[in-house]
Amino acid sequence: MSAPAGFEGRLRPPAFEEAKSRHQKARAAGLDPDYWYPVAHDADVPAKGIVEVRFWNRSIALFRGDDGVLRAIENRCAHRQLKLTLGEVDGCELVCSYHGWAYSGDGRVVRIPHDLFGRPMPSFRIPSVPVRVRYGLVWIFPGDIRLEAVRAIPEIPELEGDDRWACVPLDFTWKAHHSMIIDNVSDFTHAWLHRKYRPFDNAKLLRCDTEGDRVHVRYDTRIGGGRISGLFVDRKRVSTNTIDLCYEYPYQWSDTDGKIKHWCFVLPIDERTTRVFFLFYFDALQIPFLGWKVPQWMMGPLLKVSNPLLIAPLLRQDGFAVEAEQEAYDTHFRASIGELNPAVGMFQDLTIRKWQEHLGRARA
Ligand code: FES
Ligand SMILES: [Fe+2]
């Protein structure tokens, strides 16, 4: 006999195949690996640096050779499966810490520094993972290598070229399933959580529709109306009464009057851990109290100061909420959900459909 809702404490939430409701399915779904995912900031991997990154429980060794190029290979030695991140970089190769087998960026064992017992050099190889650097982020393609060239890293023209907008990236690792984060960033019913900062007020849903692999949402709301953030928003130049958001699978973005934008990239580390990379970028900020438009050259330094003060505390509130939601879900996963915002169901349907499609391809 099944336990009544609210008493599931010792049971575990169902896996994707066993999940009954949309809610349970969304919370068990992975993200399609056939996309580019950011895993680190380029600046965080020094020369000869090795970083372990994880995509949906798969460990990957990211390392930078003497030539400055980043490479990524599965994080296990073909010999005895030790993590290669325990090793060291030698030239452009990653050397295992135990018997010193050396791996090139394409995952081939290129050197074995001990006796081969009369054998010719064996041809061992572990999978490699495509890596690129864009917008200051390191991206990997964890999926089917044949699709690497077909799928593109999102185009953000505002962040490229000489007159690119100022942008300071922020990232967090939250103990929550990625779908909870996608629900959070595009569902503006949680103004209560941010009542101290008021990044959006009194939001009314104006649009909510799915178009292929995108869910579009628009709210009538007042953006950046809070006590501190409101000082910086240049209301003479930006209409801050509506905001467009999109779950552009597997990414999310917002656009306020073409002047205040962000992208949110989630890295699903495992079923309960997600790293979130945010890029906030602005074309119109004003100098508080003076009302002057912040000149482009001053935007970078201003954002460096303002992002940790204005945006990071706000996002930490979201982190608090999604982690609390994960904890709640782990206990009450069989309780029905009182969801009111129709957009949330659309985000979840897209996540579920894409994961089903991925599983179908993987089975085939
Ligand atoms: S375990 Fe890696 S070289 Fe032996
Ligand atoms: Fe929020």
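**View 1. R198 sits in the loop between α2 and β12 (200-211).** Helices (H or I, at least four residues) and strands (E, at least two) are DSSP runs, numbered from the N terminus. This is a predicted model, so local features need pLDDT of at least 70 and side-chain atom pairs count only at pLDDT 80 or more, while totals for chains, interfaces and linings use all residues. Residues are numbered from 1 along each chain as written, chains are lettered from A and ligands numbered from 1 in written order, and side-chain values use heavy atoms, leaving out hydrogens and water. Now for the backbone: R198 isn't a glycine, yet its phi is positive, near 45°. With a relative accessibility of 35%, R198 counts as partly exposed (buried is under 20% relative accessible area, exposed over 50%, partly exposed in between, using a 1.4 Å probe and protein chains only).

**View 2. N57 is another non-glycine residue with a positive phi, here about 75°.** Look for N57 in the loop between β2 (50-55) and β3 (58-64). N57 is partly exposed as well, at 42% relative accessibility.

**View 3. Helix α2 is largely enclosed by the rest of the structure, because nine of its nine residues are buried.** The buried residues are H178, S179, M180, I181, I182, D183, N184, V185 and S186. Two helices that pack against α2 come up in the next two views.

**View 4. Helix α2 (residues 178-186) crosses helix α4 (residues 296-332) at roughly 135°, and their axes come within 10 Å.** Axes are lines fitted to C-alpha atoms, for helices over the stretch in contact, with angles from 0 to 180 degrees between N-to-C directions. On the α2 side, M180, I181 and N184 do the touching, and they meet D318, V322, E325, Q326 and Y329 of α4 (contact means heavy atoms within 4.5 Å).

**View 5. Helix α5 (residues 342-363) packs on α2 at an angle of about 145°, with the axes 10 Å apart.** Here α2 brings H178, I182, D183 and S186 to the contact, while α5 supplies V344, F347, Q348 and T351.

**View 6. Q252, in strand β15 (residues 251-256), is buried with a relative accessible area of 0%.** The side chains of Q252 and H262 make a polar contact of 2.7 Å (a pair of N or O atoms within 3.5 Å; within protein, one must be able to donate a hydrogen and the other to accept it, and residues adjacent in sequence count only if both atoms are side-chain atoms). Q252 also gets its side chain to the backbone oxygen of V185, at 3.4 Å. Setting aside neighbours within four places in sequence, the residues in contact with Q252 include I182, V185 and S186, along with L245, C246, Y247, W263 and C264.

**View 7. The peptide bond joining Y249 and P250 is cis, with omega at about 0°.** P250 belongs to the loop between β14 (242-248) and β15.

**View 8. H41 lies in strand β1 (residues 37-41) and is buried, at 12% relative accessible area.** Its side chain is joined to that of D171 by a polar contact of 2.8 Å. Not counting residues up to four places away in sequence, H41 touches G136, L137, V138, P169, D171, R275 and F277.

**View 9. W297, back in helix α4, counts as exposed at 65% relative accessibility.** W165 is 132 residues away from W297 in sequence, but the C-alpha to C-alpha distance is 9.5 Å.
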